[in-house]
Amino acid sequence: VQGQHAWGVVYTQTQICAVKGSAVDISCTYSYQSRGDDPEDLQTLWFSKGGEGGPVDLVTDPDYSGRVLYLCDPPVCTLRITDLRESDSAQYKFSFRTKRGGSSTGPPGVTLSVTALQVQLMKSEYKQNYTRAELKCQSSCQPDHQSYIWIKNGWEHLRETSSSVSVSVYSADRYSCALKGYEEFPSISVYAPQLPSASVSPSGEIVEGSSVTLTCSSDANPAADYTWYKEDGQKMSSNESQLMFSSIQSSDSGRFICKAENQLGWKWSEYKHIDVKHAPQLPSVSVSPSGEIVEGSSVTLTCNSDANPAANYTWYKEDEESPKVSGQNFIITDVRPEHSGNYSCEAQNTRGSQISTVHLVVVR
């Protein structure tokens, strides 16, 4: 500490590392040449940046609003910053001024580094019902802290106090780390994917030719990778959280399931069913028995069309405006020569209609 008649500032520490969310005290001892100045007339401030009018008092800096407190008992003055943010990493200096015009800003100041702890997954191996993982607690503080706290599921402290730990991770497990002495400010936890949520958009009726998107999401750290499968086990081409159909077809109908996976495990979503509505395809018309239709026998005309929703069928005979019958099958008993001719089947649903014709010949 400089002499009692000299001007100067001496900092207790010049390098401080603190954890994000915690509080820090930065202290100094200052002295000045006494010329009858009343110590209470001294103007003191802490600052980390300057402006056009000189140093910006942290008390008035909006970036520190409500988080800064001066605890000064001359010749010692302490700056306390609470709820630390990574953006608070900076060099802090103390400055004082007397009414007679004397002032001093003490070099070099105090360099504050605010670290956000992070659990890094070094390696992992899937076992039958758990994952064996090696975790490392990462901190930007230098020199590195020697003692760490490892926390399982938010409350259970492991015995390991080094920066690395080897653990068995089950589906419900979460692991975080903290620096010793800063247990209240742990890192974000790492964990396997939780039960994925799957959704279909649009949520209403899906029409052939429209655009459809399936979306899968899961709470996971590290972030999950996603894979979509159709119910028959077919892996879809998309490896993203979204499976998109720009022009969906009736052949795309079916059930779909999503797998969310990271290095600590995986989870399957529930199945999502896609039911693509479409107009009837060109009907297929058959005659039974096939071959010649003998007078006096019985004949059945059958109409089939791929449609969703299912088609309704109506039968017509050429040159007759009124329908002969409704239904997939048209049965004629005791066939007569006048039954010969063209018969048309119309397949119709809410999306459209299609017509096919068959020719019937009755022989004596």
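Tutor: Contact here means heavy atoms within 4.5 Å. Keep in mind that this is a predicted model.

Student: Which residues is Ser176 in contact with, leaving aside its neighbours within four places in sequence?

Tutor: Start with its place: Ser176 is found in strand β17, residues 174-179. The contacts are then Val119, Ile149, Trp150, Ile151, Pro186, Ser187, Ile188 and Ser189.

Student: Is Ser176 buried or exposed?

Tutor: Buried means under 20% relative accessible area. Ser176 has a relative accessible area of 5%, so Ser176 is buried.

Student: Which residue ranges does UniProt list for "domain: Ig-like"?

Tutor: The record is an unreviewed entry. In this model, one of its ranges, 186-262, is 0% helix and 44% strand, with end C-alpha atoms 22 Å apart. Another, 283-356, is 0% helix and 53% strand, with end C-alpha atoms 6 Å apart. The UniProt ranges are 108-177, 186-262 and 283-356.

Student: Why is strand β22 largely enclosed by the rest of the structure?

Tutor: Strand β22 covers residues 225-230. A residue is buried under 20% relative accessible area. The strand is largely enclosed because the buried count is 5 of the 6 residues.

Student: Over how many bridges do β22 and β24 pair?

Tutor: Strand β24 covers residues 254-262. Asp225 stands opposite Glu261 in β24. The pairing of β22 and β24 is antiparallel, and the number of bridges is 6.

Student: Which side chain does Glu261 meet in a salt bridge?

Tutor: Side chains of opposite charge can pair when their charged atoms come close. Glu261 is partly exposed, at 26% relative accessible area. The N to O distance is 3.8 Å, and the partner is Lys259.

Student: How many salt bridges does a search of the whole structure find?

Tutor: The test is a side-chain nitrogen of Lys or Arg within 4 Å of a carboxyl oxygen of Asp or Glu. Arg67 and Asp88 pass, at 2.8 Å, N to O. The search of the whole structure gives 15.

Student: Where do Arg67 and Asp88 lie, and how many residues apart are the parts they tie together?

Tutor: Both residues are buried: Arg67 has a relative accessible area of 5%, and Asp88 is at 2%. Arg67 lies in the loop between β6 (54-55) and β7 (68-73). Asp88 lies in the loop between β8 (76-81) and β9 (90-97). The pair therefore ties together parts whose separation in sequence is 21 residues.

Student: Which residue forms a salt bridge with Arg364?

Tutor: Arg364 is exposed, with a relative accessible area of 77%. The N to O distance is 3.4 Å, and the partner is Glu295.

Student: How many residues apart are Arg364 and Glu295?

Tutor: Arg364 sits in the segment after β36. Glu295 sits in the loop between β29 (293-294) and β30 (299-304). The pair links distant parts of the chain, with a separation of 69 residues.

Student: Which residues are linked with Arg364 in a network of salt bridges?

Tutor: Glu295 meets Arg364 in a salt bridge. The network also takes in an Asp and another Arg. Linked with Arg364 are Glu295, Asp334 and Arg336.

Student: What is the strand order of the open sheet of 4 strands?

Tutor: The pairing is antiparallel. The edge strands, β32 (325-326) and β35 (352-360), each pair on one side only. That puts them at the ends of the order β32-β31-β34-β35.

Student: What is the bridge partner of Thr314 in β32?

Tutor: Strand β31 covers residues 312-317 and pairs with β32 in the antiparallel sense over 2 bridges. The partner of Thr314 in β32 is Ser326.

Student: Which residues is Val361 in contact with, leaving aside its neighbours within four places in sequence?

Tutor: Val361 is in the loop between β35 and β36 (362-363). It is partly exposed, with a relative accessible area of 44%. Its contacts are Ile293 and Ser340.

Student: Which residues make the nonpolar surface patch of about 300 Å²?

Tutor: Patch residues need over 30% relative accessible area. Trp268, in strand β25 (residues 265-268), counts as partly exposed at 37%. The patch is made by Tyr126, Trp266 and Trp268.

Terms used. Residues numbered from 1 in each chain as written. Predicted model: local features only at pLDDT ≥ 70, side-chain atom pairs only at ≥ 80, totals over all residues. Heavy atoms only, no water. Pairing = 2+ DSSP bridges. Patch = residues over 30% accessible without salt bridge, like charges linked within 9 Å, V, L, I, M, F, W, Y side chains within 5 Å. Areas by Shrake-Rupley, 256 points an atom, 1.4 Å probe, with all protein chains shown as cover. Buried < 20%, exposed > 50% of the residue type's maximum accessible area, 1.4 Å probe, protein only. UniProt positions renumbered as here; feature names shortened; annotations may be inferred.
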